[in-house]
Each structure stands twice: as structure tokens, then as C-alpha cells.
Amino acid sequence: MAKLIGFLFTGSSSMLAECIHSLADTGNQGLLLLGGRRSRKAPDPLHPFGYGRERYFWAFVVALVLFAGGAVFAIYEGITKIRHPHELESPQWAIGILLLAICLEGYSFRTALHEAGQVRGKHGWVSFIRTARTPELPVVILEDFGALIGLVLALAGVGLTIITDEPVFDGLGTLSIGILLALIAAVLAVEMKSLLVGEGALPEHEAAIRTALAADDTVRGVIHMRTQHLGPEQVLVGAKVEFAPDLDVMGLARAIDAAEARARAQVPFDLLLYIEPDVRRPA
């Protein structure tokens, strides 16, 4: 609302681009909440593994909205303003509102970093965004980071316009915001597409599951294992495990149950685990 007021008072295309950016961001948060709510639906015959991937789908939609609702509009406005520049009115409004927006966006960004810091473990920020299986935090971090950089670009565009009395700088600032949003949307689209297609558990989680399955005298080793996230908090695991050959049917069933219990105790999410007893053969 503050950015919209700033645009109405100044006619700045940078302010308008930032207003549309904030509107798209606000709608995106609603889409992420919708995905979280829909992902909690109980499994049914059509979706026997549940709806956990709804969160990945709606995060992918967020990337499309950010591109179409923010980037394309800002690039169009920037090119139009560069070709047909016009004077800013009451630029002090733009400066004041942009500084206020930087404070508010900075607080939002700090909150996102704090929440992500509780789950990212030993990963750096780039690695966390690349490997996170929970889509909401990387999306919000990138959106807030892009918003802060966009505000700095808008401030630079308006400031240079005031200093040089050349309105074209306002258009250049708008165009820069559009390019920035397009890059962020592309990163989000690539990461969310990968999650939609299906990513396995993180290497440290796979290693913990494999170790837990084999951590008993009744198990000779894990022959083969595959994992896939059905959602941020649920992982499908299929494993061929070699058990001691002297086990009877009841002993084998107890050994499988014990292996499943050990694996579930080692990871911070729900395991949907299928174990097939087998024997190791030459390649």
C-alpha cells in the first residue's frame, strides 16, 4: 500500500514495479499456505501416498506468478519509461517510502533467515536453497532477498533521477528490477520442478537409513536401496536386504519389523518403508 501511494504521488515506474512486486509476493504467500493446507489431505484410492507434493506444485506456481506478475510487468514498464521518460513529481515521497519498505522487508528477511537457520544444519545458504526438501523457506528467502535488492535498485533509480534530472534512470531502475525478478523466478522454477519430478532423501539421511537397517546381527547387509520424497515430511524407501539364512518366517518378520523401527528412529520425517528380503548374488 505504501508503494502504491508513492507511485500515485510521484508517477515513478520504479515505485509501480515495486508495488506490483509486493502484490505478487503477498499473493504468493497465500499460494504457499494453500499448498500446505491441501498437502494435509488424507490418502485416498486415487492418491494412495497422500497429497504431500501439493506443496511442491504450489511453490512452482509461485515461481510462475513471480515471473508473469512481477518480472514481465517490470521489464515492460522499464522499457516504456526509457523510451518515453517523464518527470517525477514529489520525489521525497518515493525516497521516504522506499526507505520504510527497506526496513519492513529487512525485518521479513531476518525472520525468514531465523526460521531457516533452525533447519539448514551444516549447509550454507546456497546449498540450503539447492537441497531443501521443504519448499516454503527457500521461496520466502529468495523472494525477500529479491525484494531488498529491488528496493535498492528502485532507490538508485529515483535518486539518480533526482540528482541528474534525467527521468531515464527511473526506467533503468525498473528494468533492472524486472531482470532481477526473472532470474529469481528461474531459480525457483528449476528447484521446484526438480522436487515435483521427485528427489531422493539427502545423502546424510540415506546413509543414516542404510546404517540403521544393517545395525543388527540378523542383517548381513543392504543390497540395494532407493528413496524419494513424497512430500517434505514423508519419504518412500524401497530396500533389498540380506538377512541371516537361518531365520524362519516368524524370525524374518521380526527382523524386518526391527529394521524398520531402527530406520524410523534415525530420521526426522515419516518413512514409508518397504523391505524385500533377498540374497546377494555375483554381478
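Visitor: Which residues of helix α8 are buried?
Guide: Keep in mind that this is a predicted model. Buried here means under 20% relative accessible area. Helix α8 runs over residues 203–213, and its buried set is H205, I209, A212 and L213.

Visitor: Why do those buried residues sit on the same side of α8?
Guide: Take H205, I209, A212 and L213, the buried residues of α8. On the other side of the helix, P203 and T211 are exposed.

Visitor: What do the buried residues of α8 pack against?
Guide: There's a helix among the partners, α9 (249–264). The rest of the list is strands, so to speak the β part.

Visitor: Which residues lie nearest the centre of the largest pocket?
Guide: That pocket has a volume of about 440 Å³. Both α5 (125–131) and α8 supply at least two residues each to its lining. Of the 18 lining residues, the ones nearest the centre are V119, T134, L202, H205 and P268.

Visitor: Which element gives the most to the lining of the second largest pocket?
Guide: This pocket holds about 340 Å³ of space, and 14 residues line it. Two or more of them come from each of α1 (2–10), α2 (13–38) and α4 (91–117). With six residues, the top contributor is α4.

Technical notes:
Residues numbered from 1 in each chain as written. Predicted model: local features only at pLDDT ≥ 70, side-chain atom pairs only at ≥ 80, totals over all residues. Heavy atoms only, no water. Buried < 20%, exposed > 50% of the residue type's maximum accessible area, 1.4 Å probe, protein only. Helix = DSSP H or I, 4+ residues; strand = E, 2+ residues; numbered from the N terminus. Contact = heavy atoms within 4.5 Å. 1 Å grid on protein atoms, 1.4 Å probe; cavity = no way out; pocket = protein on both sides within 12 Å on 5 of 7 lines; lining within 4 Å. Points joined across faces, edges and corners; volume = space filled by probe spheres on them.
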